Structures are given as C-alpha cells and as structure tokens.
Amino acid sequence: MAPASLARAPTNIGALPEEILLRVMSYLTTREAVHTCLVSPYWRDLWRSVPCINVCIKEFKAEDYEDVFEREVAFKRFVNHFLMLHNPDPLVEFRLTYSMGDGDRSDSDDANDWISHALQSNARAVKVVNQHEPLEIDHAVFTSSCLKRLHISSADLFPGFFNQLETGCPQLEYLFLCDCLIMDHEIFSKTLKVLILSEQVAFIDQASISAPSLIYLSIEGDIRGGRLPILKNMASLETASALISGEITDCVADGIRQFLGGLSNVTSLDFRYWDEKLTMEKNFQWCPRFSKLVNLTLNCSCVHAEFYALIVFLQNSSNVKKLTLKLNQGYASAITGELEDRSFTCEQLQIVKIKCSERSEMLPRVTQFLHARGVRPGQMRINRRN
C-alpha cells in the first residue's frame, strides 16, 4: 500500500499553487496563455495575472486571413484587448515579436504604446524583435525606475535615445541592440554592465561609448557606415568581444589603435577581423599593452601574413594563460606588417585551443610555429570540425 503522503500528492497540474502555475504559464506565448482559460473554471482568469507577456505576430498565421492587413488588424486588436484586461500587477518581462508594414507609421505608434504600457506596469525586462521595415522607436516611452534589461532588434534609434535611457531608466544594466541604426554621436551610461551591439549595427558617424560600470562589451557583425566607435571610460570592463567586418568607411590602422586602446584593461578578449586586408606601417604601435589579459581569442586574420598580428598581440600580452585560435577556412583577410623583433614571452601560457576544419591547411603551420616558441604538444587542444 502506498504511503499516505504519496496518496495525497497532486495528480494534475491544476493542483499546483497559483504562483507556480503563473510561472509555468510565463513560458507560453500570450495567446497560448489565454487559451488556458478553457481548461477549467479555475483557470478562466489566470492568464490575467501572468507575469511575463509574450505577444508574437507569428502565431497569427497568414493563411488564416484574407490579406496582410487583416492579419495585422487581428494582431493589434488582440494585443490591445489583452493589455486592457491584464491585471495591473508588476511585470517580470514584456516580449514583442512584431512585423512592420511598408511605410506605415501607425505600426511604430502601436509598438511604442505597448512598450510604454509594459514600462508603466514596472516590467523589469523588455524585448522587442521586429521584422521587415525598421521600427521607429519613440525614446520618450523609456521612463521606468524598474527596467533592468532591454533588447531591441531592427529599429531606428533617433538622437536622444541614449540620453533618455540614462535619465529615464536609472536601473538599466543590460542593453542588446541588433540591426539598429544609431543616430546618437555619444553612447553614455553610468549604470550599464552589459552592452551588446550585434548584426549590422549602423552608426551615422563615428560614435563614442562611455560606460564606467560596463563589465561586458560585445560588438559583433557588420558595422555599416561611419567608423569604429571610440571607447572611453571603460574602467570596469573585464570581457570584450569584437568582430570587425562589413562596410566601415574608414577602418584604418589608427581606428584599430583607438578601438583596442579602449579595451586595454580587459582580462578576456575575443578579437576577430573580417574586413579587407589591412597593412600596418612599420613601427606603428597599433596594439596597446594588455597587462591584465589572461584569455585571448583571435581568428585567422592574425595568423595570415607570417603570424604578424598574432606575434604583436602576444608581445603585448605577457600574462596570457589561455590562447584560442579560430582557423576558419576560405577567407584571406589579414592584418599585415613588418616586424624587426618577432620574439615574445608568454611564461604564464597554460593552454592553446585551436579550432579548425577537419582538413585545415593552416593547422600544421600554426602548430609548428607554436612548437618553435616553446609551446609543448601537451598544452595544445585541437578541435576539428567538418
């Protein structure tokens, strides 16, 4: 016979406490959460208190409507009705997956109203993923003493956006921008700890980034237009990841020098260069001294041209303990130059990880180079992928 404690155990999800049910429902899209009202009378109004709102236009299948316009009207009606009926409890997160119509300003107006509603409901995190035409963000809506995380994809960020975040969102710590046009010349924040600029971020002109509390910085993907941003006041920065590629109009040696100079205090650096061949003048000090750096990751651009850039990095990173080399095939971009002194000392180096294809032609040259500089076979970890 089963113990009494097991006999009394809940046999269905409906027996769980309401707090647990609401947490489970937070993993559903908002439309799915609303559909739970059909489970039983007890579930009828639970969706009104769900702490995470996740409205997604993809759930409104195109084949269910006569045209795109009817689909968008149905989606907007659903979101507006849901927000009107949702209980005024503080939100943990608001997520919006949207699709902007061609040249329809009202689509941006609606999205801005929904973001404003979420912030007035004290949402701690807001994520806006947009498709097709860029969303025109009204930065005036960003007034919240509770917002800590903000993620925006595919949007135009007009002048004043970052100033509004600084003054209107004093608790903001995490900012992720993807495929956004940044029109501010200065990105300044005293509170940001994580800043990620990803996939075709565009600057109108050269911008500066100043964030004294920033711990993690990632600039990935194509930087369209303008020049590399100038990094200032990065005293707290520990980890940086930079992929320099795309349509930088003025990616010259001095731009690389200024950019890397702002990262000179990091302990972990992932630097990848995928732009056109860049030749450094002889004796030009483009690489700063990385006195705190212990983890260094470089791509094949630093291995081409007789290991020129790899040597320069290691000459300026004497405390590196872990070196990772990504030997991607099929692209010959390189940072090149001449060196009178090709020696370097990495007494702290403990491990070298090499990531390459199964038939990498660069691998034998790289391992031979490292062996000649005192790296033992036992210190190397080679990860081959097809």
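Modeller: Happy to. Let's begin at Glu 306, which is found in helix 8 (residues 304–315); helices here are DSSP runs of H or I with at least four residues, strands are runs of E with at least two, and both are numbered from the N terminus. Glu 306 has a positive phi of about 55°, although it is not a glycine.

A word on the ground rules. This is a predicted model, in which local features need pLDDT of at least 70 and side-chain atom pairs count only at pLDDT 80 or more, while totals for chains, interfaces and linings use all residues. Residues are numbered from 1 along each chain as its sequence is written, and side-chain values use heavy atoms, with hydrogens and water left out.

Buried means under 20% relative accessible area, exposed means over 50%, and partly exposed lies in between, using a 1.4 Å probe and protein chains only. Leaving aside neighbours within four places in sequence, Leu 150 is in contact (heavy atoms within 4.5 Å) with residues including Val 126, Phe 142, Phe 161 and Phe 176.

Now for the strands. Strand 5 covers residues 149–157 and runs parallel to strand 3, with five bridges joining them; two strands pair if DSSP finds at least two bridges between them. Strand 3 also pairs in the parallel sense with strand 2 (residues 93–100), over eight bridges. You can follow this through Val 129: its bridge partner is Thr 97, and it also stands opposite Ser 153 in strand 5. Strand 3 spans residues 125–132 and holds His 132. His 132 is another residue other than glycine with a positive phi, near 70°, and at 61% relative accessibility it counts as exposed.

Lastly, the charged pairs. Side chains of opposite charge can pair when their charged atoms come close. A salt bridge here is a side-chain nitrogen of Lys or Arg within 4 Å of a carboxyl oxygen of Asp or Glu, and by this rule the count comes to eleven. One of them joins Lys 76 and Asp 110, at 3.1 Å from N to O. This pair links distant parts of the chain, with Lys 76 in helix 4 (residues 68–85) and Asp 110 in helix 5 (residues 105–120), 34 residues apart. Lys 76 is buried at 15% relative accessible area, and Asp 110 is buried at 18%.

Another salt bridge connects Asp 270 with Lys 326, whose closest N and O atoms are 3.6 Å apart. Here strand 15 (residues 268–273) supplies Asp 270 and strand 18 (residues 322–327) supplies Lys 326, 56 residues apart. Asp 270 counts as buried at 15% relative accessibility, whereas Lys 326 is partly exposed at 22%. Both belong to a network of salt bridges that also links Glu 220 and Arg 272.
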